[in-house]
Amino acid sequence: MTIIGYGSLLLACGVSAYAALALAWGANQGAVAWRQSGRNAILSAAALVTVAVAALLYLLFARDFSVLYVYSHTSTRQALPYTLSALWAGQEGSLLLWLWFVSLLAALVAQSPRLASPATWRYTQAALAVLQAFLALILVTQSNPFASLALPPAEGLGLNPLLENPWMVVHPPLVFASYALYSVPCALALAGLLTGHQDAAFHRTLQRWNLWAWLFLGGGILLGSLWAYLELGWGGYWGWDPVENASLVPWLTGTAALHTAIAHRGLRQKWTAPLTIVTFLLCLFAAFVTRSGVIQSVHAFGRSSVGIMFLAFIGLVAILAAFLGWRSRAQAVQEAEASLLSRETGLSFTAMILCGLALVILAGTLYAPLSESLRGAAVVLGASFYTRASAPLLVALLALLGVCPLLRWRDTSARQLGRELAAPLAFSVILVILLFALGIREPAALVLYLIASLIGAVILWQFGQEAWRRRDEGLSPWQVIGRAFRARRRHHGAHLVHLGIALIAIAIVSSSLYQTEQLLTLREGQGANLPGYTLILRDTIQEQDATRQRNAALLELQSATGRHLAYLTPERNLHWSIQQWVTEVALHINLREDIYIILGSLEQDGAVVLQVLRNPLVVWLWIGGGLLLLGAAIVLSSAPPERAGQAAGGVAEEAP
Amino acid sequence: MQAQPARPTPASRRRRTRTVIGVVAIVAILIYLVLSSARGAAVYYVTIAELKSQGASAKAVRVSGVVQEGSIRWDAEGSLLRFTLVEGTEQLAITYHGLRPDMLRDGASAIVEGKLTAPNEFAAQTILLQCPSKYEAAATAQS
């Protein structure tokens, strides 16, 4: 089975390289036979990679411990879903998964009807074949998932218990799918720069693939932070860890690319292609950071030469893209004069601030390794760097997001803007005055609550007005809302994304500024008063089984009036396989705050040490994230605008 | 859009100047943001000897070493942890208020972040312990 797996990878590598050459030659010479042969090669490469994935899955499920990868990531005690997730638990497997996604997408592109000018579409396929050949080359030379052990052990090491979490089963495939998805618009953008044919169809296709990739990456990041919150047990969801940052940076530039593509009558799209290429390169960089361990991180898989190959590939693509961009600079892009107070300017600023944020976060991530290699001083940047450096940019971005829906194309008069802003702004100001009266005095919190509520108020106010115009006798309010939404699905889908951003901003600000922490030492039957709650220790549990020694505290959470709310069992277990303690936190979630309990230790004398965190409004982060994904899905589910003359391809293609 | 020979018009030249000024201003703001924030948030690694010669300071630093055999004292009632960190011949007494980190044991390699409060007393805010797992370079205990 290992021979079948490795052999098909080796073949896939050769076939992909051939496909790249055949397709590029065919596109250059207009030779139909070469193009056909290249397309066939892409399809067979996809089939070969699928065989390799199936072979590895077979070995994992058969628990064939003579294979190093299987030995390292499975054990006979493992539940079935985690055996499946072992496929992407290590470097070799996740690279294989990535290659598989890329090869399936390349096959899809090769089979789908032409979505750009003929030459551009052919070079797109060739570029994808190059990436496929590169990933296959890494797998067969540096990171072979089918490497075997001379003496097969009887039992495998198993998955790290920290990764045994449902969200961790879904998170890596989503991220790798998004990296794979970004390769398509990047290939298309490179092809567009090469041929110079960047027509309306080109931009429409680019935007659609960009949005798909953005949706997957956003979902992946969201699930990753949910996993960190539930599993890592330090009370937060984002640690500004290099690996987390590395996946956030392409998401930010990808968001910028989406916004540059929104244009009225096809103008101002010259930045979409370069930003798409940059985004994909940042995805490759994220893979490099995760896989090389160059930047110390809790997620790094250890040092390997894979990183060097990634860096070399990133460099080559960047040089190629810079050359193509330089060559095509002469192509004048028609630009309309737009006043400072216009949607064009708003969108440009949005894209610029997003890129600025990406740069700041990238600088922070690279600060420690650069300072160490340049100045020899070992240093770490605390999380406070990111809050300080990104706060002004985030405030500007959110403020822009609040006002942008009110700006018109070309020009907006200040008087008109003031008239439309008046009601939502009044609402937000009253809200903030109320919050101030309720005792919220932190200036940062007040500013961000003002802006975030303004975003929501502007969007809902606009939608309310639209729905009001559509009201009709005999229709229930829900039907009216449904009709108004469906009438401009893409527009309202995009606004749903922005509402999600507003909720996420509120959740992040509240939970980071108003988190409170208490250390408690309790004995059986003893209770502790938290503001608004009583926490009582009912029992302690200590038991052993085949996988771990389990230590748990059974706690009862009561309301201040003594009403039973929930039983909570924080745990602290010693897993035999890794000889390590793993903390399982207990959570009581409601819309106002999460009670997050970490079991510190069960002492010999029966005392239990607990850390109790109260994280306000955290649940709104997940709700906002869900709204964001839903909005993007709604935009994708509605047909792209294809009206003649409307050469957009934007998310919100409305004309006022 | 077909390639058209670009002929600079006064309007496009003006726009180009504006773009260049804008980009320069933005880059300057970004550099300022990064550098000023980095100065406040950078935490440097020092050796125990360096730390002691510097004396008490308001700025947090990181010190690494090995947990001395038999030096761990854990007071569950007050959630107070004490141990001695050894680096070569130098020793440093660490106090930490919080949960006892999972991987703290005699002989473990540890990195502590915090401040020197007395000549031989280091109040740690964070303890990082080197962990043998293949997934993690270090596990955190944060307070």
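This is a predicted model: local features need pLDDT of at least 70, side-chain atom pairs count only at pLDDT 80 or more; totals for chains, interfaces and linings use all residues.
Student: How do α2(A) and α5(A) run, roughly parallel or roughly antiparallel to each other?
Tutor: α2(A) and α5(A) are roughly antiparallel to each other, where angles over 145 degrees count as roughly antiparallel, under 35 as roughly parallel, 65 to 115 as roughly perpendicular and the rest as oblique. Residues are numbered from 1 along each chain as its sequence is written, while chains are lettered from A and ligands numbered from 1 in the order in which they are written.
Student: OK, so what angle do helix α2 and helix α5 of chain A pack at?
Tutor: Helix α2 (residues 32-61) and helix α5 (residues 91-111) of chain A pack at about 150°, and their axes are 9 Å apart. Axes here are lines fitted to C-alpha atoms, for helices over the stretch in contact, and angles run from 0 to 180 degrees between N-to-C directions. Helices are DSSP runs of H or I with at least four residues, strands are runs of E with at least two, and both are numbered from the N terminus.
Student: Which residues meet there?
Tutor: Among them are A:Ile42, A:Val49 and A:Leu56 in α2(A), and A:Leu96, A:Trp100 and A:Ala107 in α5(A). Two residues are in contact if their C-beta atoms, placed from the backbone, lie within 7 Å. The contact of α2(A) with α5(A) divides into 15 nonpolar, three polar and one charged. Ala, Val, Leu, Ile, Met, Phe, Trp, Tyr, Cys and Pro count as nonpolar, Asp, Glu, Lys and Arg as charged, and the others, Gly among them, as polar.
Student: What about α8(A) and α18(A), how far apart are their axes?
Tutor: The axes of helix α8 (residues 200-232) of chain A and α18(A) are 10 Å apart, and the packing angle is about 165°. That makes α8(A) and α18(A) roughly antiparallel to each other. Their contact includes A:Trp212 and A:Leu222 of α8(A), and A:Trp622 and A:Leu629 of α18(A). The contact residues split into 13 nonpolar, three polar and no charged.
Student: And how do α17 and α18 of chain A cross?
Tutor: The axes of helix α17 (residues 489-513) and helix α18 (residues 619-637) of chain A come within 7 Å and cross at roughly 165°. So α17(A) is roughly antiparallel to α18(A). In their contact, 19 residues are nonpolar, five polar and two charged.
Student: Switching topic: where does A:Ile589 lie?
Tutor: A:Ile589 lies in strand β9 (residues 586-589) of chain A. Leaving aside neighbours within four places in sequence, A:Ile589 is in contact with A:Asp594 and A:Val619.
Student: Why does A:Ile589 count as partly exposed?
Tutor: Because A:Ile589 has 14 C-beta neighbours inside 10 Å. A residue is buried with 20 or more other C-beta atoms within 10 Å of its own, exposed with 12 or fewer, and partly exposed in between, with C-beta atoms placed from the backbone.
Student: What does chain B have in the way of helices and strands?
Tutor: Chain B has two helices and eight strands. From the N terminus on, its elements run α-β-α-β-β-β-β-β-β-β. Of the 143 residues of chain B, 24% count as buried.
Student: Last one: which domains is chain A divided into?
Tutor: Chain A is divided into domain 1 (1-160) and domain 2 (516-616), with bounds that come from an automatic or database domain assignment. The C-alpha centres of domain 1 and domain 2 of chain A lie 45 Å apart.
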